[in-house]
Amino acid sequence: MRTSELHVLPCGDHAILVELAGLEDVLALNAALRDHEPAGLVDVVPAAETLLIMFDPGVTSAERLTADLAHLPDERPDADEPPLVEIPVGYDGPDLDAVAAATGLSAAEVVRRHSGATYTVAFTGFAPGFAYLTGLDPQLVLPRRDDPRTRVPAGSVAIADRYSGVYPRSGPGGWHLLGHTDAVLWDLDRTPPAALLPGTRVRFTDGRP
């Protein structure tokens with residue numbers, strides 16, 4: 001991996017932040033670090049255009065870890081297929097008809113396209129257990145709502161920009177709500193608490209059990 005293409009910033013005494021050109025580069029570097037773990041690596045937190053790399057300062061340093069990036073492969077080697085999580089959805093969301101109108105599709109076609117895709121958890125954030133899922137049908141790509149809601153119910157299945165996601169608990173939000181699920185995606189009594197971790201594949205199924 002060419003470190004000249006990476007912009008690395010120190011984050012305290014036990015982390016570095018790598019700025020990258022986009023999500024594809026973030027996922028590639030994240031995969032390379034997972035498959036070829038440098039000495040002292042503690043955790044990796046991907047985002048849309050950055051990767052936070054936490055390390056043990058008793059084992060390595062920011063300078064040494066940055067140099068280790070140069071020895072990582074540019075492409076992820078062959079690996080087992082990531083796990084697949086299926087999430088049953090009742091497509092009864094309050095924004096379903098508005099999304100259909102905005103995209104020029106019928107509501108049934110919106111459901112077909114949303115449930116017909118296979119998604120990948122790119123990164124998590126915003127709220128505990130909230131996963132940003134890539135793989136959304138290009139025709140369903142819409143900007144966030146102009147009028148965000150002060151409360152989105154837990155289990156709401158939504159889209160915004162090029163992502164889909166599920167609100168793991170109630171809270172404010174500006175995504176378009178297509179439906180809801182009873183699946184529990186964040187549980188502190190579970191290890192790990194999040195059901196959707198980076199790299200996990202996700203499919204939404206039309207209907208609840």
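**A tour by selection**

Select Tyr 119 first: Tyr 119 stands opposite Val 202 in strand S13. The model is a predicted one. Now widen the selection to strand S6 (residues 119-124) and S13 (residues 201-206), which pair in the antiparallel sense over 2 bridges.

The largest nonpolar core holds 25 residues, and Ile 87, Val 110, Val 202 and Phe 204 have the most contacts inside it. Elements giving two or more residues to this core are strand S5 (84-89), helix H3 (96-103), helix H4 (107-116), S6, S7, strand S9 (156-160) and S13. H3 supplies the largest share, 3 residues.

Center on Ile 87. Not counting residues up to four places away in sequence, Ile 87 touches Val 166, Thr 181, Ala 183, Leu 185, Leu 196, Val 202, Arg 203, Phe 204 and Thr 205. Apart from this core lies another, of 17 residues, including Leu 6, Ile 16, Leu 29 and Phe 55.

Select S1, S2, S3 and S4 together. These 4 strands form an open sheet in the order S1-S2-S4-S3, with antiparallel pairing. Strand S1 (7-10) and strand S3 (41-46) are at the edges; each has a single partner strand, so one side of each has no neighbour in the sheet. From one strand to the next, the twist averages 20°. Inside the sheet, S2 (residues 15-19) and S4 (residues 50-55) run antiparallel and are joined by 5 bridges. Glu 19 has Thr 50 in S4 as its bridge partner.

H1 (residues 23-35) has 13 residues and reaches 18 Å from its first C-alpha to its last, close to the 18 Å expected. Color its buried residues: Leu 23, Val 26, Leu 29, Asn 30, Ala 31, Ala 32 and Leu 33.

Last stop: His 176, in strand S12 (residues 176-180). Is His 176 buried or exposed? Its relative accessible area is 13%, so His 176 counts as buried, the cut-off being under 20%. Leaving aside neighbours within four places in sequence, His 176 is in contact with Asp 95, Val 99, Leu 142, Pro 143, Arg 144, Arg 145, Val 157, Ala 158 and Ile 159.

Note on methods:
Residues numbered from 1 in each chain as written. Predicted model: local features only at pLDDT ≥ 70, side-chain atom pairs only at ≥ 80, totals over all residues. Heavy atoms only, no water. Expected span 1.5 Å × (residues − 1). Buried < 20%, exposed > 50% of the residue type's maximum accessible area, 1.4 Å probe, protein only. Pairing = 2+ DSSP bridges. Core = buried A, V, L, I, M, F, W, Y, C linked by side-chain atoms within 4.5 Å. Contact = heavy atoms within 4.5 Å. Axes fitted to C-alpha atoms, helices over the stretch in contact; angles between N-to-C directions.
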